[in-house]
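Here is a short briefing on one protein model. Keep the sequence and the 3D view open as you read.

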Amino acid sequence: MSDEEKALLWKQDLRIVPISAGIYFLCFLDRSNIGNARILNSSTNNNMQDETNMTDYEFIIALMVFLVAYAVFEVPSNILLKKLRPSRWIAFLMFCWGAMTISLGGTHNFGSVTAVRFLLGMFEAGLFPGLIYYLTFWYKHNERSVRVAFILASATLSGAFGGAIAYGIGHMNGAGGLAGWRWLFIIEGIPSCLSAFIVLFFLPDYPERVHWLNEAEKDLATQRLYHEGSKESQPTMTWADAKETLTDWRLYAHYAIYFAVSPAFASLSLFSPSITAGLGYEDLEAQLMTVPPWAVAYVCQIAIAYSADHFNARGVHTAGAALVGAIGFIVSGALPPDHYSARYGGLILATAGSFACIPPMLGWLTSNIFSTAATGLAIAINVSVGGGLGQIPGVWIYRTDERADGYPTGHWTNASLLLVVALISLGLRWFYGHKNKQLAARAEREGVQAMPYKL
């Protein structure tokens, strides 16, 4: 890579990565804080579930409707991102989900919580696939996984900060006549609404439009992505593009592994406070003990993603991280419920492995799609199937009546699915290696240049 290209990448990174990571940090915080609210100030019966008089079943339904909306609105949202420009669409979504988060602080029963959670899912649906799609306008194949990792790692930071913030806000219980969980939603929703205006004015849309690149840099940005990126000038999608993407059967293996990792993603996001509460920690202390697993996961995500891109080995890294996560869940599920320290170590392994396998998994998918329209649709389907439908099992498997037994159903289900991720990833890695040999042989035979699949 030339010095000019390195300088251009650094310029892009300074503008794009921090603001994208900040957006997803707030998105994840507003999505998962219901897990903190569920047990916040439970020792005084001022937690969300008690004050809204929801049964365990109703609470799970309220979590699930978010995911239904999340799955339904992924694809249309990614289409609108290209049509309306990323900065405008993402700012709109951000303001709306912040408003819905604040609204959760005013809910009083199952119906109102469920309705607001559905709207929250609708507005958050486009953010993560939108950001992944957005990166394809700025970065080459071997540059995306580590950027995706920095963005996704903000979710693990959010998980860590979410527990710490909930611990602090728990001490506000009763202030202004409001329970602590209501303050939690209000305080965490306001930054999203305010930050939407920062996104509107400061998130760059496309390399060709920005004022902070000179003409030579704009030309370089366009040239380097000629074969490996999405283009503003290309049409959003035609029926032919949609048909070609929907019938590209290898992509369904990518969708399958994202589906299989998503129950762990959902259950850890929503039930970490409940899991730590089942490890001998109570109330506010349980909130605080969610922090170390997320902190370890943050470091692991960045390291795994960098290594996957550097060695062009996304499949192997995805499989390896999934295996570590599976081991963590097996430890948590196999040990007796009162082995608190060892099972807490298992939770750390499970969180780190489950989250670390996602950035190379997403980078692998986007690196093996070769048109703007197909990229947007495939990413949206992937996150819709995985991030939406795939997360639905994750809200059911950690059952309150199994707390005393250490949540075996949740741990063993997640362990099994992560082993599936490892097996399919290795099989897909073999498939791409086999196809590359065929492409190389054909290129040599016909004297043409082939574009190999990323591994």
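The model is predicted. A search of the whole structure finds 13 salt bridges. Side chains of opposite charge can pair when their charged atoms come close.

**Salt bridges between helices**

- Arginine 147 forms a salt bridge with aspartate 13, and their closest N and O atoms are 2.8 Å apart.
- Arginine 147 lies in helix α8 (residues 141-169) and aspartate 13 in helix α1, so this pair ties together parts that are 134 residues apart in sequence.
- Arginine 147 is buried, at 12% relative accessible area.
- Aspartate 13 is buried too, at 15%.
- Arginine 31 forms a salt bridge with glutamate 124, with the closest N and O atoms 3.2 Å apart.
- Arginine 31 sits in helix α1 and glutamate 124 in helix α6 (residues 110-124), so the pair ties together parts that are 93 residues apart in sequence.
- Arginine 31 has a relative accessible area of 4%, so it counts as buried.
- Glutamate 124 is at 0% relative accessibility, so it counts as buried.

**Other salt bridges**

- Arginine 314 and aspartate 309 meet through their side chains in a salt bridge (3.2 Å, N to O).
- Both arginine 314 and aspartate 309 are buried.
- A network of salt bridges links Glu5, Lys140, Glu143 and Arg224.

**A buried lysine**

- Lysine 218 belongs to helix α10 (residues 215-224).
- Its relative accessible area is 15%, so lysine 218 is buried.
- The side chain of lysine 218 reaches the backbone oxygen of valine 210 at 3.0 Å.
- Leaving out residues up to four places away in sequence, lysine 218 touches Pro207, Glu208, Val210 and Leu213.

- Most residues other than glycine have a negative phi.
- Asparagine 41 has a positive phi, near 60°.
- Asparagine 41 lies in the loop between α1 (3-39) and α2 (48-51).
- Asparagine 41 is buried, at 6% relative accessibility.
- Asparagine 312 also has a positive phi, near 50°.
- Its place is the loop between α14 (291-310) and α15.
- Asparagine 312 is partly exposed, at 30% relative accessibility.

**A nonpolar surface patch**

- Leu323, Val324, Ile327, Ile330, Leu349, Trp412 and Leu419 form a nonpolar patch on the surface.
- Together they have about 540 Å² of accessible area.
- Helices α15 (314-334) and α19 (408-446) each supply at least two residues of the patch.
- The largest share, 4 residues, comes from α15.
- Leucine 419 is found in α19.
- Leucine 419 is partly exposed, with a relative accessible area of 34%.

Note on methods
Residues are numbered from 1 along each chain as its sequence is written. This is a predicted model: local features need pLDDT of at least 70, side-chain atom pairs count only at pLDDT 80 or more; totals for chains, interfaces and linings use all residues. Side-chain values use heavy atoms; hydrogens and water are left out. Patches are made of residues with over 30% relative accessible area and no salt bridge: like charges are joined within 9 Å, nonpolar side chains (Val, Leu, Ile, Met, Phe, Trp, Tyr) within 5 Å. Accessible areas come from the Shrake-Rupley method with a 1.4 Å probe; for residues, only the protein chains shown count as cover. A salt bridge is a side-chain nitrogen of Lys or Arg within 4 Å of a carboxyl oxygen of Asp or Glu. Buried means under 20% relative accessible area, exposed over 50%, partly exposed in between (1.4 Å probe, protein chains only). A polar contact is a pair of N or O atoms within 3.5 Å; within protein, one must be able to donate a hydrogen and the other to accept it, and residues adjacent in sequence count only if both atoms are side-chain atoms. Contact means heavy atoms within 4.5 Å.
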